[in-house]
Amino acid sequence: MGAPLKVAVLISGRGSNLQALIDAFGPKVQDSPVTIVLVLSNRPEAPGLERAAQAGLKTEIVDHKTFASREDFDVAMDREIRATGAEFVVLAGFMRLLTPQFVAAWQDRMINIHPALLPAFPGLDTHKRALEAGVRLHGATVHFVRHETDTGPIIAQAAVPVLPGDDESTLAARVLAAEHQLYPLALRLVAEGRVRVEQDRVVISDAPAMEGALFNPALPR
Ligand code: GRF
């Protein structure tokens, strides 16, 4: 195995996906293919910063409110990220739109997790919209970041059922539990050098595909 991939994780809030990444790749993990070299938040009060500090990770705050423009903010973030030697950026509940310059600078070296089966339900309030649409399967997507929000080559997806009686919070919790498995899976594939982008689609080498199909309602036994 080569040297671990040096990753900066960008957050804005709770940081439960960050926690899943810490559990999978944090300082306590032996032979991790990933080293988290930085956890950066644009919000000083983000609870995820505490999770990072608890794990002994380097944290930085780049508060977007203190910058005159989006460009200035992104330049400052870029500087902090590069100062740590990070080679790869992981967005984990990072709630700022990024400039085209920043996205281009990290092209194919920046991933995001979105709480829906893209390209369905890009944007906000995905669980509410999935319930309104009446879909039977919902889920989460990890993808490389492109300029247009919630687009970009898809690396991995997890599907969960929408169940009778679900509300936004029960559905969100089911998707979030899947996210916590999906993000480490996708980042591991990337760190192991098994993910490449060809013609703006992802090709994965040597990854077992899921077998069969998901049905909701389930097929009769
Ligand atoms: C997750 O649902 C993620 O898919 C979305 O933002 C949320 C972040 O949650 N991009 P957390 O901060 O990781 O708990």
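Analyst: Happy to. Let's begin with a cut-off: a polar contact is a pair of N or O atoms within 3.5 Å. Keep in mind that this is a predicted model.

User: Which residues surround the ligand?

Analyst: Around the ligand you will find R14, G15, S16, N17, G93, I113, H114, P115 and E179.

User: Why is S16 called buried?

Analyst: Buried means under 20% relative accessible area. S16 has 11% relative accessibility, so S16 counts as buried. You can find S16 in helix α1, residues 16-25.

User: What does S16 touch, leaving out residues up to four places away in sequence?

Analyst: With those left out, S16 touches R51, L176 and H180. With H180 there is also a polar contact between the two side chains, at 2.8 Å.

User: How do you know that the length of helix α3 agrees with its residue count?

Analyst: Helix α3 holds 14 residues, 70-83, and at 1.5 Å a residue they should span 20 Å. The end C-alpha atoms of α3 are 20 Å apart, so the two values agree.

User: Which residues of α3 are buried, and what covers them?

Analyst: F73, D74, A76, M77, D78 and I81 are the buried ones in α3. Their cover includes β1 (5-11), β2 (34-41), β4 (88-91) and α4 (100-105). Just after α3 comes G85, with a positive phi of about 80°.

User: Why are β8 and β9 said to pair?

Analyst: Two strands pair if DSSP finds at least two bridges between them. Strands β8 (residues 195-198) and β9 (residues 201-204) have four bridges, so they count as paired, in the antiparallel sense. One of the residues involved is E198, whose bridge partner in β9 is R201.

User: What do β8 and β9 form, and how many residues are between them?

Analyst: They form a hairpin with two residues between the strands. In the turn, Q199 has a positive phi of about 50°.

Terms used: Residues numbered from 1 in each chain as written. Predicted model: local features only at pLDDT ≥ 70, side-chain atom pairs only at ≥ 80, totals over all residues. Heavy atoms only, no water. Expected span 1.5 Å × (residues − 1). Buried < 20%, exposed > 50% of the residue type's maximum accessible area, 1.4 Å probe, protein only. Contact = heavy atoms within 4.5 Å. Near = heavy atom within 4 Å. Polar contact = N/O pair within 3.5 Å; in protein donor to acceptor, adjacent residues only side chain to side chain.
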